[in-house]
Amino acid sequence: MRELVRRIDAATPPGRDRAVDALRALAILGVVLGHWLVTALVADSGTVRATSPVSYLPHLAPVSWLLQTLAVFFLVGGYVAAQSHAAARAGGAPYRRWLGARLVRLSRPVVAVVAVWAVAAVAMLAAGAGDGTVRALLKLVLSPLWFLLVLAALTAATPLVARLHPLWPLAVVLHVDLARFGLGGPDALGWANVAAGWLVPYCLGTLWARHGLPGRTTGWALLAVGAAATAGLVLFAGYPASMVGVPGAAVSNLNPPTLAAVTFGLAQCGAALLLTGPLRRVLRRPAAWAAVALVNLSAMTVFLWHQTAMMAVTALGLLADGPLPGLHTVPDGAGWILARLAWLPLFAAALLVCRVAFRTYEQGSGRPSGPGASRVVRVGGPARDREARRDRQDTL
């Protein structure tokens, strides 16, 4: 273990901002833990349906404020993409090559999960599983892909949006919600916020990359204004308190994004900026940095397969004599929550198996999979080699 930690630390470029990687890792873990806690697969009369404990226990909505970390993803995504594009331009790499390298890293692991689940769906149907059960499972696996589609689109538009101030897309979200909720406009109008809403943290990330942000000043301002605006929208404007989707709810803050989701995201971005200083200090320790680096090396794999890991444990649990609490039962009380917490280590173990099985799709066959992979190119090599090294260092 000491040798692994030493190799990871030695392979890290001196100028790399480790806090950015830590924010990405925290966002990954927030999404995984959030899905595992707010998603319940209920076994009922031979079928499996998905529901949420927030549907039965609405007072748990504040928990979603800690576990819905998408804005941090887009903040880091904008920061990394802007820096990567600027470095590629400085090295003489054309836009097409830069974009192609980034999209390939996104698409390889997606192809793997889609292919596996296409085969699994056919096998389940052939074995007699109900259409409703198969649809519920496929929805859990495939619904997170919307995030990657939006991220890919924003990445492609990085040269255009890098100079866009975050207030412009925020104004679009505000006017869309005014038309939709205040003037009775069509619900379909809200889908404009899929682009505009996530452009806000993405543009904030590109602004951070280009000019830097005074961490504490900007962080406290974003946190205070974003939190106050979100609380006002929930308390006085009728927006849902939950920042995750709730089955059966009339309005979702995420599907499509609302102004409350965007202001909440600004508060999260403020908190992330405030964390950068402490994170940099902690990550000077090689062991702490090694843990963050290992999460980032498999970020896409973890993101794409964590629902499959939960479903694999749930399916194995069906072999028991009856429904298991916290795994197959209705999430309608504190007992379910305590039981679900007890299942989390098994979910994590199943996810580790998925990581071992599918991480090569994220890293690529031509990329060394060991922790010293970042150090395979000599300093001072050709521009193409420098670009390849940057691409290896970039993750999600």
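**Exercise 1. Which residue forms a salt bridge with Arg180, and how far apart are the closest N and O atoms?**

Before we start: this is a predicted model, where local features need pLDDT of at least 70 and side-chain atom pairs count only at pLDDT 80 or more, while totals for chains, interfaces and linings use all residues. Residues are numbered from 1 along each chain as its sequence is written, and side-chain values use heavy atoms, leaving out hydrogens and water.

*Step 1.* The partner of Arg180 is Asp187, and their closest N and O atoms are 3.9 Å apart.

*Step 2.* Now check exposure (buried is under 20% relative accessible area, exposed over 50%, partly exposed in between, with a 1.4 Å probe and protein chains only). Asp187 is exposed at 55%, whereas Arg180 is buried at 9%.

**Exercise 2. Work out where Glu3 and Arg6 sit relative to each other in helix H1.**

*Step 1.* Their side chains meet in a salt bridge, 2.8 Å from N to O.

*Step 2.* Helices here are DSSP runs of H or I with at least four residues, numbered from the N terminus. Glu3 and Arg6 are three residues apart in H1 (residues 2-11), so about one helical turn separates them.

*Step 3.* Glu3 is partly exposed at 43%, and Arg6 is partly exposed at 45%.

**Exercise 3. Describe how helices H2 and H5 cross.**

*Step 1.* The axes (lines fitted to C-alpha atoms over the stretch in contact, with angles from 0 to 180 degrees between N-to-C directions) of H2 (residues 18-38) and H5 (residues 70-90) come within 9 Å and cross at roughly 150°.

*Step 2.* Angles over 145 degrees count as roughly antiparallel, so that's what H2 and H5 are.

*Step 3.* Who touches whom (heavy atoms within 4.5 Å)? Among the contact residues are Val20, Leu23 and Arg24 of H2, and Phe73, Val76 and Tyr79 of H5.

Methods. Salt bridge = Lys/Arg side-chain N within 4 Å of Asp/Glu carboxyl O. Helix = DSSP H or I, 4+ residues; strand = E, 2+ residues; numbered from the N terminus. Parallel < 35°, antiparallel > 145°, perpendicular 65-115°, else oblique. Contact = heavy atoms within 4.5 Å.
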